[in-house]
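Below is a short briefing on one protein–DNA model. Please read it alongside the sequence and the coordinates.

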2 protein chains.
Amino acid sequence: MITIKKKIGVPKYKQIINSIEDAIVSGTLKKGDQIPSINTVKDNNNLSRDTVLTAFNELKSRGIIHSIVGKGYYVSSENVNVTQKIFLLFDELNSFKEDLYNAFLEHLGENIQVDIFFHHFNKNIFSKLIHDNSGDYNYYVIMPANLKGTSEFIALLLQEKVYILDQVHDDLLDYPSIYQNFEKDIFNNLTNALHLIVRYNKLILVFSEAKQPEGMLKGFELFCASNTLNFEVIQSLKDRMLKKGELYIIPDDKSLLRIIKKIKSEELKLAIDIGIISYNDTLLKEIVEGGITTISTDFNLMGKRLAEMILNKEQLKIENPNNLIIRNSL
Amino acid sequence: MITIKKKIGVPKYKQIINSIEDAIVSGTLKKGDQIPSINTVKDNNNLSRDTVLTAFNELKSRGIIHSIVGKGYYVSSENVNVTQKIFLLFDELNSFKEDLYNAFLEHLGENIQVDIFFHHFNKNIFSKLIHDNSGDYNYYVIMPANLKGTSEFIALLLQEKVYILDQVHDDLLDYPSIYQNFEKDIFNNLTNALHLIVRYNKLILVFSEAKQPEGMLKGFELFCASNTLNFEVIQSLKDRMLKKGELYIIPDDKSLLRIIKKIKSEELKLAIDIGIISYNDTLLKEIVEGGITTISTDFNLMGKRLAEMILNKEQLKIENPNNLIIRNSL
DNA sequence: TCTAATTTGTGCGTATGTATG
DNA sequence: GCATACATACGCACAAATTAG
């Protein structure tokens, strides 16, 4: 029941405390149960008697166990109140994370601490963060984004503590996850809007290989091919000349701002001369220019389900729903 | 393992650091390994205890080793490249932080790791985060927001490592800071827009005591009093009936969305029937409803100056500029 | 009742990190 | 760089209470 690892840098007495807390949380120990005696623990783990005593004393002062002289130690409360810690590794800080993070926190409830880190699409940083924080958290929620080959780092963590978020690459299929099916989502939602899309001559996807997922590109190309539509993929809107009849699909908000300013300065008409579909819905898109049509996953739901999955210790693979919201930009 | 050469021109404590870094790079030391104690190193190399301590402290603040009182020092990271670590404590995650954080990172340059934490306006969480991370970072950047009485916790940290961001309460005046002068800013910028404001009958500030700074309220009331303007302070726009001739000053974006939807559903005209000034500028406000007038500090500049102040080891108190951007909502 | 074994409780010593002058 | 006081971690020895035989 009690396992002590040497050379781990965690004090032995704390390892004893953690072992007993875990046993209580998992139900192995229940209220009234006698726990192994100081000498038993000492002998089984080659510890000093005092080390075990220190641990038991702390548990006693916290009201979790009590002692009877000459008899032994007994569990007096199952209310361990261990503050769980969750390691949350995002790609970068942007406004889409706001809803996701807040929904996650809200549904986790009290006594759970969530620490956020960002890998900035940098594999070295990713590796370092996993490495440095390995073993320090109860759960690891990881958004690899389009960083590939991360499984070798994630393998350092205990399998049952890891959850993958948003993009799941082929080498991460063994982990529970809540993911977007980018290829399917963009294909289906563009198909849902086909009646509006056919009014345009050409579809342009503004796609940054560094930050946007591959599936988005694939789904887009598949949709255009299936419907024999004229299309183009560009990296940036800088120096782009807008032409009447073009429909832009725009995953990032800086490009969205840029194209709307261009449309205005060139006195084009939104949804007549130029169409816009924006990826990832945010608050203000509902009212920008009378409403921007968006294709977006439900980040609130994603955060909520993630919290539920962790609280219920479920190991599922959940596809997060994606919706087309038709507004006036199309 | 640790070798010290005299008369080499390299400070002894740096030689210790280099020796340990080399041992980690070569694989002699791995994560979790215990390194020789201060006394051992001191005795084996005829050094002062302080010299060894200086070296170990630097390694600790760089996150390479950590210490356990009464036990010893342990290797916590094998990544020797990160030269500095910064602890960044925000109030909550929202989109204003995006610019600030990204500008901060960009101007810090490589090899500096920034870890973000959030206190969510909760003093217990604030205290715990400071406590848990005390001594582990080279610099601590703290945004107390409107949490008061935080100085007792911040005092745990080394004075010269602390920077205060955004709101500086009376008990934090000793620390270097980059702050907003909310009272002055809102007063001055409303005064700058006075010629547009006088067209309205009444000014309404949507003010949440929990999240918005006091100075904002004071400055607003002072402005209204100075100009003998009719005004009101409300907590939320829920159940609010809009009346023609009202000017709303709105610090949060959910309320902004709500009022614009109300204006539309009641067929009022923005900037004619109802005016809006929004606090904190974000990308999309430039194009929402033809442009929302904003009063906002320059978060990019705030991040940039913060990075410069830390890199140059300056201990200044800088008031971050605040601008009125007049657009079509006023 | 006595004895031995087991168990909790207490005191003291050593090693280590921390803080201060 | 040195000296000192202090907190924490760990270990050993012994006392006191309980239990089994």
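The surface near DNA strand C is made up of seven nonpolar, twelve polar and one charged residue (Ala, Val, Leu, Ile, Met, Phe, Trp, Tyr, Cys and Pro count as nonpolar, Asp, Glu, Lys and Arg as charged, and the others, Gly among them, as polar). The model is predicted: local features need pLDDT of at least 70 and side-chain atom pairs count only at pLDDT 80 or more, while totals for chains, interfaces and linings use all residues. Residues are numbered from 1 along each chain as its sequence is written, and chains are lettered from A and ligands numbered from 1 in the order in which they are written.

**DNA strand C**
- Of the 20 residues around DNA strand C, the nearest are A:Ser37, A:Ile38, A:Ser67, B:Ser37 and B:Ile38 (near means a C-beta atom, placed from the backbone, within 6 Å of the strand).
- At least two residues each come from helix H2 (38–45), helix H3 (49–61) and strand E3 (72–75) of chain A, and from helix H2 (38–45) and strand E3 (72–75) of chain B (helices are DSSP runs of H or I with at least four residues, strands are runs of E with at least two, and both are numbered from the N terminus).

**DNA strand D**
- DNA strand D is surrounded by 19 residues, of which A:Ser48, A:Asp50, A:Gly70, B:Ser48 and B:Gly70 are the closest.
- Two or more residues are given to this surface by helix H1 (12–26) and H3 of chain A and by helix H3 (49–61) of chain B.
- H3(A) gives the most to the surface near DNA strand D, with three residues.
- The surface near DNA strand D divides into six nonpolar, six polar and seven charged residues.

**Contact between chains A and B**
- In this interface, 27 residues of chain A are in contact with 32 residues of chain B (contact means C-beta atoms, placed from the backbone, within 7 Å).
- On the chain A side, helix H4 (96–108), strand E5 (112–118), helix H5 (123–133) and helix H10 (253–265) give two or more residues.
- The residues on that side of chain A are twelve nonpolar, five polar and ten charged.

**Sheet of chain B**
- Six strands of chain B form an open sheet in the order E10-E9-E11-E12-E13-E15, with mixed pairing (two strands pair if DSSP finds at least two bridges between them).
- Strands E10 (231–234) and E15 (322–325) of chain B are the edge strands, each pairing on one side only.
- Strands E11 (residues 246–250) and E12 (residues 274–279) of chain B run parallel and are joined by five bridges; B:Leu247 has B:Gly275 in E12(B) as its bridge partner.

**Helices H7 and H9 of chain B**
- Helix H7 (residues 182–192) of chain B lies across strand E13 (293–297) and E15 of chain B, at about 30 degrees to E15(B) (axes are lines fitted to C-alpha atoms, for helices over the stretch in contact, and angles run from 0 to 180 degrees between N-to-C directions).
- Helix H9 (residues 214–226) of chain B lies across strand E9 (202–206), E10 and E11 of chain B, at about 175 degrees to E9(B).
- H7(B) and H9(B) pack at an angle of about 35 degrees, and their axes are 7 Å apart.
- The contact of H7(B) with H9(B) involves eight nonpolar, three polar and four charged residues.

**B:Arg305**
- B:Arg305 is found in helix H11 (residues 299–311) of chain B.
- B:Arg305 touches B:Ile178 and B:Ile318, not counting residues up to four places away in sequence.

Note on methods:
Two residues are in contact if their C-beta atoms, placed from the backbone, lie within 7 Å.
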